[in-house]
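Here is a short report on one protein chain.

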Amino acid sequence: MKKIIIIISVILVITISTIVGYIKLSDNKSNNINNIQSKSEIIDNQNIDIKNKEQRLFLLWNDIMLNNLVLVGRITQNPEMLETEKGNKRTVVTVSVPRSFKNSDGLYDTDFIKCTLWNTVAEHTFEYCKKGDVVGIKGRLQNNNYEKDGKMHYELEVVAERITFLQSRVDRENER
């Protein structure tokens with residue numbers, strides 16, 4: 001029960017911080033609703049012929065798009081620290097996240113999600129986390145496109161902006 005309360009608390013904190021950050025973003029853009037209304041008036045007043053509903057919505061709403069992701073799961077391997085040529089610290093961890101619904105066999109599937117952590121977040125994760133620890137990750141999705149052997153490869157990765165250490169193996173052993 002204590003585990004569930006901790007996980008729910010972390011999810012709430014991450015969600016609230018995301019909403020507060022979004023509100024600050026909205027304030028910095030001097031009230032997005034006014035921007036949308038003024039864009040709509042500009043489009044209407046200039047007699048711009050936008051019949052495609054998707055194009056019009058894109059023009060109106062592109063200021064308030066959001067790329068945010070929250071994961072809670074277990075680290076599958078001990079983190080390893082790498083350093084780039086420019087001196088940036090980088091850690092890649094895979095987090096196992098069980099799905100909230102059963103498959104056709106009546107079992108819960110698990111997703112294994114690779115997350116990239118940079119600099120201070122990477123250092124702290126490397127120092128304090130081990131295989132089996134439960135973490136909360138707030139981040140974003142990012143495309144990485146590269147060419148290898150004459151073929152283009154497209155990869156989608158999670159870039160962690162914040163990590164919360166929820167439960168370590170030592171904590172689990174102390175509860176028993």
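## The R99 site

R99 and D111 are joined by a side-chain polar contact of 2.7 Å. A polar contact is a pair of N or O atoms within 3.5 Å; within protein, one must be able to donate a hydrogen and the other to accept it, and residues adjacent in sequence count only if both atoms are side-chain atoms. The model is predicted: local features need pLDDT of at least 70, side-chain atom pairs count only at pLDDT 80 or more, and totals for chains, interfaces and linings use all residues. Residues are numbered from 1 along each chain as its sequence is written, and side-chain values use heavy atoms, with hydrogens and water left out.

R99 sits in strand β3. Strands (E, at least two residues) and helices (H or I, at least four) are DSSP runs, numbered from the N terminus. Leaving aside neighbours within four places in sequence, R99 is in contact with Y108, D109 and D111. Contact here means heavy atoms within 4.5 Å. R99 and D109 are 10 residues apart along the chain, and their C-alpha atoms are separated by 5.7 Å.

## Salt bridges

How many salt bridges does a search of the whole structure find? The search finds five. The criterion is a side-chain nitrogen of Lys or Arg within 4 Å of a carboxyl oxygen of Asp or Glu. Side chains of opposite charge can pair when their charged atoms come close.

D111 is partly exposed because its relative accessibility is 28%. R99 is also partly exposed, at 33%. The classes are buried under 20% relative accessible area, exposed over 50%, and partly exposed in between (1.4 Å probe, protein chains only).

E161 bridges to K138 at 3.5 Å, N to O. Again distant parts of the chain are linked: E161 is in strand β6 (residues 151–167), K138 in strand β5 (residues 134–148), 23 residues apart. E161 counts as partly exposed at 38% relative accessibility, whereas K138 counts as buried at 12%.

E161 also forms a salt bridge with R140, where the closest N and O atoms are 3.1 Å apart. Here β6 is linked to β5, with E161 and R140 21 residues apart. R140 is partly exposed, with a relative accessible area of 29%. Shared partners also join R99, D109 and D111 into one salt-bridge network.

## Strand pairing

β3 and β4 pair in the antiparallel sense over 10 bridges. Pairing requires that DSSP finds at least two bridges between the strands. Within this pairing, V92 stands opposite T116 of β4, and V93 faces C115 of β4. The β3–β4 hairpin has five residues between the strands, and G106 takes a positive phi near 85 degrees there.

Strand β1 (residues 69–75) runs antiparallel to β3 and is joined to it by two bridges. I75 has V95 of β3 as its bridge partner. Strand β2 (residues 81–83) pairs with β3 in the antiparallel sense, over three bridges. M81 stands opposite T91 of β3. In the β2–β3 hairpin, with five residues between the strands, G87 has a positive phi near 95 degrees.

In which sense do β4 and β6 pair, parallel or antiparallel? They are parallel, over three bridges. T116 has V159 of β6 as its bridge partner.

## Aromatic pair

The structure holds one aromatic pair. The centres of the Y128 and F165 rings are 6.2 Å apart and the planes meet at 50 degrees, so the pair is tilted. Y128 in helix α4 (residues 119–128) and F165 in strand β6 are 37 residues apart, linking distant parts of the chain. Rings of Phe, Tyr and Trp (its six-membered ring) pair if their centres lie within 6.5 Å; planes under 30 degrees apart count as stacked, over 60 as edge-to-face and the rest as tilted. F165 is partly exposed, with a relative accessible area of 38%.

## Cysteines

The disulfide count is zero. A disulfide is a pair of cysteine sulfur atoms within 2.5 Å. C115 is buried, with a relative accessible area of 0%. C129 is buried too, at 2%.
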